[in-house]
Structure formats: structure tokens, C-alpha cells
Amino acid sequence: MRASKRKPAFKIAVLGMGHVGLPTALGLAELGWEVIGADDDAQKVKLLEESKATFYEPDMQPLLTKHLGHKFRVTGDVGKAVADATVLFVCVGTPQGQSGKADLSQVEGVARTVAAHLNGYKLIVEKSTVPAITAQWIKRTVIRHAHIARGNGSGAGGNGFESVPLFDVASNPEFLQEGKAIENFFHPDRIVIGVDSERARELLEAVYRPLECPIVVTTPTTAELIKHAANAFLSTKISFINMVADICEAVGADVESVARGIGLDPRIGTQFLSAGIGFGGYCFPKDLRAFLLLGEEHGADTSLLREVERINLSRIELFMAKVRKALWVVSGKSIAVLGLAFKPRTDDIREAPSLKVIDCLLREGASVRLYDPKAMANTRRELPAQPGRVTYCQSAYEAAEGAHAVLVLTEWDEFRKLDLKKLRRALAVPVMVDGRNLYRPDQVHKAGLEYISMGRPGTDPVVRPISPARNAERRRMPAVAAGS
Ligand code: UDX
């Protein structure tokens with residue numbers, strides 16, 4: 001962090017206290033800003049007022065404890081937060097709507113609230129992931145509703161700003177990974193600022209001045225696109241390595257070595273090349289879909305992204321094929337499941353691959369014994385315990401008790417450190433199917449377990465080699481000109 005110059009005097013409101021808003025608000029408070037966190041969920045506000053973080057995120061609770069009542073206060077009155085602050089970070093949800101496109105009703109709701117409380121210059125900053133041109137819609141909505149609030153009709157005509165206090169809309173997308181949100185806030189790779197006025201640019205640069213990293217200044221529409229493109233690219237990397245894993249399995253190669261071998265090329269990079277049961281979480285699946293629909297709406301060829309999505313969806317069936325192959329008969333078996341969260345270091349189970357696997361197991365007549373270091377409470381709410389069918393356990397070893405196989409679905413560090421011999425003694429049948437390649441095969445074999453993982457030698461492939469005839473039929477590609 002850079003030594004901060006004297007801070008300009010303005011307050012910041014963060015609207016929406018979810019997985020983006022709360023870490024952002026606390027990060028800004030730690031940078032020295034006076035921050036109002038607002039949310040219309042009364043229960044959430046009550047818990048925060050009692051200094052209780054509403055979800056698990058490493059290093060967040062200490063910041064809440066430190067800043068609550070000093071640099072950070074929280075309110076259920078979103079309008080008052082808007083009235084009291086100058087810079088307004090919009091961090092409300094943009095869930096997937098019925099059509100697959102982002103449902104922007106919460107963003108529109110915020111724009112209307114801002115319009116009703118426009119008591120001076122405001123900088124409205126989109127942080128939530130939104131499709132390109134949302135900033136323009138926010139601007140239009142604020143003008144329209146500010147006029148209505150002032151009894152001036154729709155405000156059509158002119159630039160619409162007459163009789164409405166000045167405001168700007170900027171895009172400053174978040175790149176916070178769950179489980180690392182606080183770390184990402186203080187050590188960003190880059191900060192993207194999409195603005196269309198000098199005033200907005202200066203304000204946002206002032207907000208982030210203490211952080212040292214490249215700043216990309218662009219227009220709001222380009223900034224919006226950067227966020228979607230970043231998530232789509234990372235999703236593509238994951239589906240790519242998953243496809244490679246299938247080929248590795250079919251020919252007896254090792255996907256871990258392939259990932260390292262290609263990833264050390266800086267043009268490719270080693271991150272997001274872990275093969276497994278696919279990506280989940282609140283962002284990738286919905287952002288990928290929203291981005292490809294946006295592209296299609298504008299006539300772009302997004303078939304690449306459709307394949308990325310299709311490969312990801314097929315990972316669950318591929319994993320289940322491994323489970324069936326390992327167990328022969330799934331019905332009537334007791335299966336230990338290690339890992340419920342969509343990734344480690346979070347209690348978030350939204351779009352978690354684990355839940356899809358569990359659903360398949362239950363539908364096929366197995367019973368499950370579940371354990372996760374952090375996501376048990378959230379999972380219990382979605383899937384209550386059912387005697388003899390769904391059992392929640394206190395540890396990985398307890399989950400393994402009497403089970404006919406153990407499945408690894410989230411790569412928690414705690415699982416890496418398990419005593420595999422002890423795990424093996426707890427199991428009725430020593431079979432492990434690892435959807436995250438958490439262990440070295442020799443390590444698991446030494447403990448006396450059969451081991452099935454993803455895209456590694458020794459794994460009996462579930463991906464069938466395609467016969468040359470079918471392959472040629474599938475290809476239908478134009479011949480590549482010699483020398484090209
Ligand atoms: C993502 C983006 O990374 C972040 O920048 C954005 O702001 C929000 O969305 P997050 O959803 O927290 O963050 O998780 P991330 O770490 O990106 O992982 C997403 C999913 O991909 C997880 O299910 C993870 O298990 C999976 N994944 C990730 C892989 O399967 N393989 C990998 O190599 C990396």
C-alpha cells in the first residue's frame with residue numbers, strides 16, 4: 001500500500017452487503033474511508049450490527065470487529081445511505097433470470113432509490129457484474145425517476161439533466177474470489193475504472209490511491225465487458241483443461257504434468273488449470289451464460305462459450321460414470337462425501353458441483369454421509385438430514401465410517417492432511433473417487449485404497465476412445481491448405 005495523501009472529505013456508501021459488498025466495505029474502511037453499508041435485508045443488517053459476519057470469508061470478521069461503529073456503520077435504510085454519501089458502490093445481486101440473462105431488477109431498484117435521494121452530486125459505481133450498457137440504463141433510470149420525484153414528468157428532452165443534481169455512473173468491476181476476497185481487495189492485480197467524466201475518474205482514483213497496482217481507465221461499457229470477458233476466459237481455461245484431462249485418461253497421460261508443462265509458458269500461465277468436476281459458484285456459471293447471451297443478442301458467434309458451458313455441465317455425468325464404474329451397483333450403497341462448498345475457504349454452496357453429485361447419488365438409491373469444514377449449515381438448509389439417507393458428520397473420518405466409497409468433491413487443505421490409513425480403516429470398502437486430484441496416486445495406494453481420479457494414468461478411462469470413422473464424421477472441418 002502507498003502512504004496515503006490527505007484524504008478528500010466524502011463518505012462512501014456500499015449498497016448490498018453480500019459476498020462482494022461486505023468485503024469491499026470493510027476493505028474501504030481499512031483504507032481509512034468512512035463507509036456506510038446498506039442492505040434492505042433487515043436480518044442481515046441486524047446480524048452485522050451485532051458484529052456478526054453473515055457468511056464465512058477468511059480475515060473478514062476481524063475487520064468487522066475493528067471498524068464497526070467507527071469507520072463502518074450499517075443501515076437498513078438504503079435511501080438514507082444514498083443521501084449521506086457521495087460515492088455509491090452498487091453491490092446488489094445480479095442473479096440469472098428465467099431466460100439465462102442477468103436479472104437486473106435489484107440494480108434498477110438501486111437506481112430508483114438513488115433518484116429519490118439525489119441531494120447533491122453522486123458518483124454511482126457499479127461493482128456487481130452486469131452486462132455491457134447497464135451503466136447507460138442506470139443513468140437513464142436515475143434521470144427519469146429523479147424528474148418524477150421532483151414532479152417534472154419523465155424528463156424527456158434535452159440531456160435530461162436540467163433540474164436534476166449532477167451525477168455520474170461508473171463501472172468498477174470486482175475481481176474478488178470467494179475465500180480470498182480480503183486478500184484480493186488489498187492486493188489487486190489491477191483496478192478497472194470505467195468512467196465518462198474527469199470528476200468520476202478523480203474520485204475513484206482517490207478512493208483506491210493507497211493500493212498499488214495498475215489502473216485501467218476506460219469507458220463504463222468497456223469496463224463492464226472486461227469483467228464478463230475475464231470470467232468467460234477463466235471458465236474457458238477450466239473447460240479446456242477438463243477436456244485435456246479426458247484425452248489424457250484415454251491415452252494414459254497425466255493431466256497434472258500437462259497443466260504444468262503448458263502453464264509454465266507465461267503466455268498460458270499455471271492458474272485455473274486444475275482439472276476436476278468443473279466450475280461452480282455464484283459467478284462463473286451465470287456470468288458465462290449472461291455473456292454468451294449478450295453476444296448472441298448482438299449477432300456475435302459465441303459457440304466457443306457454448307462449448308465451455310457444455311463441457312462444464314458434462315463433468316458431473318462424467319464423474320458419476322466413474323463412481324458407477326468403481327461401485328458397479330450404486331443403489332443401496334453408503335457413500336462418504338468430503339467437500340460440499342463450491343470451492344475451499346468458503347461456506348458458499350451456490351451452484352456447487354458437490355450438490356449435483358449428491359443429487360445423482362440419492363436419485364440412484366445410495367445414501368450419503370456428508371462432511372465439509374465450513375459449508376455444513378448452508379447445505380443442511382438445502383438438504384435436511386434424513387435418517388438412513390442423508391447423514392451429516394463431524395469429520396471426514398466419521399463420514400467414512402462404514403461407507404462403500406469416499407468421494408472428494410472440494411479441495412480443502414484439511415483433506416490434504418488426512419491420515420489416509422485411518423480413513424481406510426473407517427471405510428467398509430476401500431475405494432476413493434477424487435474429483436479434485438487432491439492426492440498423489442502412490443500415496444493413496446500405499447494407504448490401501450483403490451484410487452480413481454481425473455485425467456491421470458492408472459485411471460481406468462470412462463471416456464471411450466472415438467472410432468476413427470465416427471471421428472471423421474464428427475469433424476466436418478474444411479481441409480487446411482498446405483503450408484498454412
Ligand atoms: C470468480 C472470479 O475468479 C472472480 O474474479 C470474480 O470476481 C468472481 O468469480 P469465485 O467464484 O470466488 O471467483 O471462484 P474461483 O476461484 O474463480 O473458482 C470458480 C470455480 O472454478 C470453482 O468452482 C472452482 O472449483 C473452479 N475451478 C477453479 C476449477 O475447477 N479449476 C481451476 O483450475 C480453478
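Which residues in H11 meet which residues in H12?

## The H11–H12 pair

Leu288, Arg289, Phe291, Leu292, Leu293 and Glu296 of H11 meet Leu305, Arg306, Val308 and Glu309 of H12, where contact means heavy atoms within 4.5 Å. By class, this contact has six nonpolar, no polar and four charged residues.

Helix H11 spans residues 284-297 and packs against H12 at an angle of about 155°, with the axes 9 Å apart. The two are therefore roughly antiparallel, a term for angles over 145 degrees. H11 passes H12 in a left-handed crossing.

## About the model

This is a predicted model, in which local features need pLDDT of at least 70 and side-chain atom pairs count only at pLDDT 80 or more, while totals for chains, interfaces and linings use all residues. Residues are numbered from 1 along each chain as its sequence is written, and side-chain values use heavy atoms, leaving out hydrogens and water.

## Around helix H13

Let's turn to H13. Helix H13 covers residues 353-363, and eight of its 11 residues are buried (under 20% relative accessible area, with a 1.4 Å probe and protein chains only). The buried ones are Pro353, Ser354, Leu355, Val357, Ile358, Cys360, Leu361 and Leu362. Among the elements covering them are helices H12 (303-327) and H14 (376-382), along with strands E9 (334-338) and E10 (367-371). Just after H13, Gly365 takes a positive phi of about 90°.

## His228 and its neighbours

His228 sits in helix H9, residues 220-251. Its relative accessibility is 2%, so His228 counts as buried. Leaving aside residues up to four places away in sequence, His228 touches Thr129, Val130, Pro131, Asp287, Ala290 and Phe291. Phe291 is also one of the H11 residues in the contact with H12.

Definitions and conventions: Buried means under 20% relative accessible area, exposed over 50%, partly exposed in between (1.4 Å probe, protein chains only). Helices (H or I, at least four residues) and strands (E, at least two) are DSSP runs, numbered from the N terminus. Axes are lines fitted to C-alpha atoms, for helices over the stretch in contact, and angles run from 0 to 180 degrees between N-to-C directions. Angles under 35 degrees count as roughly parallel, over 145 as roughly antiparallel, 65 to 115 as roughly perpendicular and the rest as oblique. A crossing is left-handed if the near helix is turned anticlockwise from the far one by less than a right angle, and right-handed if clockwise. Ala, Val, Leu, Ile, Met, Phe, Trp, Tyr, Cys and Pro count as nonpolar, Asp, Glu, Lys and Arg as charged, and the others, Gly among them, as polar.
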